[in-house]
Amino acid sequence: MKRIRAREALWRKSGLAVVAASLAGVLLLAGCSSSKPEASAGGSPSGGQGAASSAGASGSGSSGSGSPVVYHLGETINPEQVTNFNPFLATGNWSNLFDYVFDQLYYFNPVKGELVSRLAAGEGAWSDDKKTYTVKLNMKAKWHDGQPFTAADVVYSYEALKTNAALDRYQLWGDKRLKSVTAQGDDTVVFALNDRFPSLPFYLTTVYIVPKHQFEKENPAEFLNKTPIGTGPFQFDSVNESAIVLKKNPDYFLGAPQIDQLLIDRFNNSSTLTLAIEKGDVQGSTGTVAMPSVPKLLENPANKLQVYPGLSTYAVIMNNEKPGLNDPAVRKAIQLGLDRQSLIEKGESGGVFPASPGFLSSVFGDSTDAKLLDDPAYAYDANKAMQTLEAAGYKKNGKGIYAKDGKTLSFTYHMAANAPAQNKEGAMITAWLKAIGIETTVKLVTWPELTKLLMSGDYELLQNGLTTPPDPQAALEVFHSKMTAPTGTNTPGLNYMRFRDKDVDAWLDEAASADDQTRQELYKKVQDRIAEQAPIAMMYNVGGHVPYRVDQFQGYDENLPVTSALSLLKVSKK
C-alpha cells in the first residue's frame with residue numbers, strides 16, 4: 001500500500017489533511033446513521049432486516065485457540081440493499097461492501113486527505129501536455145476465482161461506463177475528459193484525455209475494477225452479480241437475514257488479513273446496533289451509531305469514536321422543475337427557514353459540520369468560499385423568509401399558507417423511514433416551514449426508494465445527502481446541467497435538483513482545465529451563484545464518526561477510517 005502525497009497544487013494548498021488531523025482528536029457526539037450513504041446519493045441507511053445474530057464461521061485461519069478469528073462489523077442493512085452486489089449500480093446494494101471485496105486503482109483516504117494506491121503500483125505519470133495519464137498496475141493482484149488480473153480488466157471497467165452512460169455518474173467520459181482508456185501490455189493502463197483535466201486521479205477513486213471474464217458475459221447495467229468476484233482483501237461467502245458473510249483473501253496482494261471471517265451483522269436500526277457495540281457483540285461499524293447512546297458508549301474505555309470531516313452534505317433537496325420550487329424566491333425562503341445551528345446541536349448533538357450555502361465542503365480548504373458560512377444574507381431568519389415570499393408576490397391564504405397565481409406552497413416531503421435522527425430533524429424542518437407559510441405532507445420511504453425518487457425526479461422536497469468524489473471540481477459539478485435530466489428521466493449524475501444555469505456550466509467547464517488560481521476564482525463564482533439561487537436547502541456536512549472496540553482486537557490504523565478495508569487488513573485478535 002503506497003500513499004500518494006504529491007498532488008496538484010490546488011490540493012496541496014487546500015489544507016484538507018490539516019483539517020482532518022486537527023479534528024481527529026476532538027470528541028464529537030454522533031451525527032447521522034452512516035458515514036457512507038446509500039448509492040452516493042446520501043442517506044444513512046437506518047432501515048433494515050431484523051436485528052443481527054451470529055452467523056456460522058467457516059474461516060480458513062485460526063486464533064491461538066484454534067478457532068477462526070471472526071470480526072463482527074455491525075451495520076443497518078435492509079432487504080432492498082442486498083438485491084445486487086454490482087458496484088456499477090447506484091441502488092439495490094449496501095455500497096460500503098465494495099471496499100472489502102473490490103479494489104479501485106486508488107483509494108481516497110478522508111482522514112489524511114490523500115490518495116492511496118490499491119490496484120495501481122504507485123502514482124501515475126502525466127505526459128508533458130497533461131493530456132495523458134499512465135498508470136502501472138500491481139501485478140501481484142489476482143481475482144478471487146484464481147484468474148489473473150490484467151490491464152484488460154481495468155480497460156473493461158472504464159469502457160463499461162462509456163457504453164452505459166447511466167453508470168457514468170461523474171461523467172468521466174464527458175466531452176473534455178476521457179478520450180480513451182487503453183492497455184499497454186498486461187501491466188499498464190493509459191488514460192487519454194480530450195483536454196487537460198488535473199482532477200483525473202481523484203476521479204479514479206470512484207470506479208471499482210470488475211473482472212472482465214465475468215462481466216463481459218452480462219449487461220453491466222443490469223447484472224445482479226449475486227456471487228461477486230473481486231481482487232479485494234475479503235471474499236464474498238454468503239448472505240442471509242442476519243449477516244453478509246465474507247472470508248479472508250489469503251492471497252491479497254497488499255498482504256493477507258489476519259481476520260479469518262468478516263461478518264457484517266445486519267441490524268434494523270442504529271439504536272440496537274449501538275447497544276450491541278456497548279455489549280461487545282459487535283466490534284465496530286463503518287459509521288452507524290445512535291446519538292443519544294454515545295456518552296454512555298464512551299464511558300467504557302474499550303469503546304472509541306473516530307471523527308473526521310467528509311464529503312457528504314445533507315440537505316432538503318428540491319426539484320427545481322416542480323411548480324413553486326421552480327421559483328428561486330421559494331427556494332431561498334426554504335433555505336432561510338432552516339435553523340442549521342439547531343439541526344447540528346439538537347438533531348446531531350454537534351457531531352457534524354456546518355454546511356456552506358455554496359455547497360462546497362470546508363474540507364476543500366482554499367477552494368471553499370469561507371465567507372458564505374457566516375454571511376447574514378443566508379442565515380436562519382424566518383421573518384426574512386416570509387418577506388422574500390411576499391416580495392415575490394405570494395400572499396397567505398386563510399390557512400396561513402402562501403399562494404400565488406392559484407398555486408399554494410404545499411409540497412410532499414419525503415424522508416427515510418426507521419431513521420430516528422433523520423425523522424427528528426425532518427419534524428423540526430417541516431415545523432419551521434409551516435411557521436413561514438409553507439405546508440408539507442410527510443411521506444416515509446426506504447433509503448433505496450429515496451435514491452430512486454431522486455434519480456427519476458418523482459418528488460418535490462426530499463431530505464437526504466449528496467456524496468461527491470474527493471475533488472472540488474467533482475463536488476461543484478453536482479450542479480452542472482450535464483449531470484441532470486428532465487423529471488421522469490433518470491439523471492446521469494447527481495444533479496437530482498434539475499438545476500440549470502448557463503453561467504455555472506461555463507464556469508465549471510473552464511475550471512476543469514484551468515490553472516490553479518483561475519480554478520479557485522471560478523469555483524467561488526459557482527458557489528456564490530449556488531448560494532444565491534438555492535437549488536437545495538443545506539442542512540449540514542457529514543464526516544466520519546466511526547465507533548469501534550479495542551478490547552478484543554488491536555492494530556487499527558487510525559490514519560485511515562479504522563473499519564475500512566485497508567485498516568482491517570492490519571487488525572488482529574488480542
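1. A pocket, as the term is used here, is an open set of grid points where a 1.4 Å probe fits, with protein on both sides within 12 Å along at least five of seven lines. The model under review is a predicted one. In this model, the second largest pocket holds about 230 Å³ of space.

2. The lining of the second largest pocket consists of 16 residues. Ala90, Ala166, Leu167, Met455 and Asn490 are the ones that lie nearest its centre. Sorted by class, the lining comprises 10 nonpolar, 4 polar and 2 charged residues.

3. The largest nonpolar core contains 118 residues. Within this core, Leu105, Tyr158, Phe191 and Leu246 have the most contacts. The element that gives the most to the core is helix H4 (residues 151–163), with 7 residues.

4. Tyrosine 158 deserves a separate remark. Apart from its neighbours within four places in sequence, tyrosine 158 is in contact with Leu105, Leu172, Trp173, Leu178, Val181, Phe191, Leu204, Val207 and Ile209.

5. Proline 547 belongs to strand E19 (residues 536–549). Is this proline buried or exposed? Proline 547 is classed as buried because its relative accessible area is 0%, and the cut-off for buried is under 20%.

6. The surroundings of proline 547 can also be described. Once neighbours within four places in sequence are left aside, proline 547 is in contact with Ile277, Gly284, Ser285, Gly287, Thr288, Val289, Leu297, Lys304 and Leu305. From C-alpha to C-alpha, proline 547 and threonine 274 are 8.6 Å apart in space, although 273 residues apart in sequence.

Methods. Residues numbered from 1 in each chain as written. Predicted model: local features only at pLDDT ≥ 70, side-chain atom pairs only at ≥ 80, totals over all residues. Heavy atoms only, no water. 1 Å grid on protein atoms, 1.4 Å probe; cavity = no way out; pocket = protein on both sides within 12 Å on 5 of 7 lines; lining within 4 Å. Points joined across faces, edges and corners; volume = space filled by probe spheres on them. Nonpolar A, V, L, I, M, F, W, Y, C, P; charged D, E, K, R; others polar. Core = buried A, V, L, I, M, F, W, Y, C linked by side-chain atoms within 4.5 Å. Buried < 20%, exposed > 50% of the residue type's maximum accessible area, 1.4 Å probe, protein only. Helix = DSSP H or I, 4+ residues; strand = E, 2+ residues; numbered from the N terminus. Contact = heavy atoms within 4.5 Å.
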